Each structure stands twice: as C-alpha cells, then as structure tokens.
Protein chains: 2
Amino acid sequence: MSVINLEDKFSRFNDHWSPKVVAELNGQAVKLAKVMGTFVWHDHAEEDELFHVVRGTLTIDFEDRDPVVLHPGELYVVPRGIRHRPRTAPDEEVWLLLLEPIATRHTGDVDSPMTVRNYERL
Amino acid sequence: MSVINLEDKFSRFNDHWSPKVVAELNGQAVKLAKVMGTFVWHDHAEEDELFHVVRGTLTIDFEDRDPVVLHPGELYVVPRGIRHRPRTAPDEEVWLLLLEPIATRHTGDVDSPMTVRNYERL
C-alpha cells in the first residue's frame, strides 16, 4: 500500500507494448504501457479491457465497426470477445493506463512476438 | 460502447459524495465523484477500492497508520477490511475516479445520511 504516482511510474520504463502492473484490486490489474505503431489483432474471450489514454492519441480498430479515437483524459472499454487492434500514428508514443483481470494476456488469444508472458511490476 | 471523456462527465454534475457510474467491466464499476469536506469512517469487508485523484488534494485517514495524501495523477488502493475516511481541505472540491466492484456501497458497512443507494449512471 503506497501512493502510485503515474508520472513517476511512467518514467521508469521506455519499452513499447509491454504493460507493467502498478496495482491490483479485486482480481484486476492496473497496468501502464507505452505504445507506438500498430499492435496485433486479438480478443479476450472472457475479459473486458479498459483503455485510458494519459498522453497522445490512440486509435482502436474493430472488424465490424468504425475505429475509436482516444485522446488524453478519455477512456474506453473493449468488451470481451470483440476483436480489436490498438495503434498510434507511426512515430507517436502513447501512454496508456489499462485495467483488466490479472490473468489477462494483452494479446488475448493470439501468440505473437509481442506477447508478454510475465508482467513486470513497477 | 462509447468514448468516455472525463472532463465532459465531470461537467455534468456538481453534488458531493455521490459517485456516478461511467463504465463497467469485469464486475467492476468506474465511478466519478466530486467531494468536499470529511466523509464517514467506513470499510468494505470484501472489496478493495481504488482512488485516483483527478483534481485537488485528497487525504485518506486510517485508524492504525499515517494518513495518505493524494495529488492529481496519483492513485491508491485501500484494501478490503481497512477502515478509512477520505477528506479534503474544508473548502476544496476534489475530483476522483474510483474503481470498485459494481455492488459496493461507498459507505461500506456504515448507514449514513451520506449513503447513496442507487448510483446514477452518466
């Protein structure tokens, strides 16, 4: 139980598409990520996922509906089972706060070179 | 499924100590609240509660340890079963983003005039 300062936590890493756990509650993990470029298409069969943009602009593509564009101070919940693909402008680093069950793999059902198997804690 | 803009949501209400639900995921509710003054001592027997300060300074008192002071961009998880009392400076309005199970009553085990029984959705 200590105060989590988001700027401080973000200052501690620079790798992309590699979420770090900063808090846990009620079986959910609060994760921070820096992302740039285009992620893999994936879904999470049993898990809703919250995206909260802290810096930059994030686009989330969907297969069957228009993309969603998120700016700082905006959040969005991708419901379980919905295939999605987060992306940024090619050279723009975006900072995200994510909330999802502790067990969630960020690439969902997809095994990818981008898949992180053990989330670092900050 | 729509984009949730926090500034927009906060602009829609002015009452204090009355959290509004803006999103749900995995059995958890994301709530926004404006608070001012001192809340009631309470705990939540089965539920961890996340406080994320968006504006102002929030102090959380505990019975058996030093208070925690949270500024904008800082967050804190009060574990289940820990008695706590959020408060602000007497005339300072503080904006909070809260995360807790959907069923959680914000006054926990305590029936108070401040207790909200049906959370408004924004």
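Two strands are said to pair here if DSSP finds at least two bridges between them, and helices (H or I, at least four residues) and strands (E, at least two) are DSSP runs numbered from the N terminus. The model is a predicted one, in which local features need pLDDT of at least 70 and side-chain atom pairs count only at pLDDT 80 or more, while totals for chains, interfaces and linings use all residues. Residues are numbered from 1 along each chain as its sequence is written, and chains are lettered from A, with ligands numbered from 1, in the order in which they are written.

**First stop: the sheet that takes in both chains**

Select strand β4 (residues 49-55) of chain B together with β9(B), and you will find the two running antiparallel and joined by 5 bridges; one place to look is Arg55(B), whose bridge partner in β9(B) is Trp95(B). Now widen the selection to the open sheet of 6 strands, which has the order β1(A)-β7(B)-β4(B)-β9(B)-β3(B)-β2(B) with antiparallel pairing. β1 of chain A and β2 of chain B stand at its edges, each with a single partner strand, so one side of each is left without a neighbour in the sheet. To see where the chains join within the sheet, select strand β1 (residues 4-5) of chain A, which is antiparallel to β7(B) and connected to it by 2 bridges, with Ile4(A) having Leu75(B) as its bridge partner.

**Second stop: the contact between the chains**

Next, colour the residues of each chain that are in contact with the other, contact meaning that the C-beta atoms of two residues, placed from the backbone, lie within 7 Å. This selects 23 residues of chain B in contact with 23 residues of chain A. On the chain B side, the elements that give two or more residues are β1 (4-5), α1 (6-10), β2 (20-25), β6 (68-70), β7 (74-78) and β9 (94-101) of chain B, and the largest share, 4 residues, comes from β7(B). The residues on this side divide into 15 nonpolar, 4 polar and 4 charged, where Ala, Val, Leu, Ile, Met, Phe, Trp, Tyr, Cys and Pro count as nonpolar, Asp, Glu, Lys and Arg as charged, and the others, Gly among them, as polar. Because 100% of the interface residues of chain B are also interface residues in chain A, the copies meet through the same surface.

Move to strand β4 (residues 49-55) of chain A, where 5 of the 7 residues are buried; a residue is buried if 20 or more other C-beta atoms, placed from the backbone, lie within 10 Å of its own, exposed if 12 or fewer, and partly exposed in between. β4(A) pairs antiparallel with strand β7 (residues 74-78) of chain A over 4 bridges, and there Phe51(A) has Tyr76(A) as its bridge partner. β4(A) is also joined by 5 bridges to strand β9 (residues 94-101) of chain A, again antiparallel, with Val53(A) opposite Leu96(A). Phe51(A) and Leu96(A) are among the residues with the most contacts inside the largest nonpolar core, which has 50 residues; such a core is a set of buried Ala, Val, Leu, Ile, Met, Phe, Trp, Tyr and Cys residues joined through C-beta atoms within 7 Å.

Select His84(A), which lies in strand β8 (residues 84-87) of chain A and counts as buried because it has 21 C-beta neighbours inside 10 Å. Leaving aside neighbours within four places in sequence, its contacts are Asp43(A), Ile60(A), Asp61(A), Phe62(A) and Val78(A). In chain B, strand β8 (residues 84-87) has a covered face, His84(B) and Pro86(B), and an uncovered one, Arg85(B) and Arg87(B).

Finish with Trp17(A), in the loop between α1 (6-10) and β2 (20-25) of chain A, where phi is positive, about 55°, although the residue is not a glycine. Asn26(A), in the loop between β2 and β3 (28-35) of chain A, likewise has a positive phi, near 50°.
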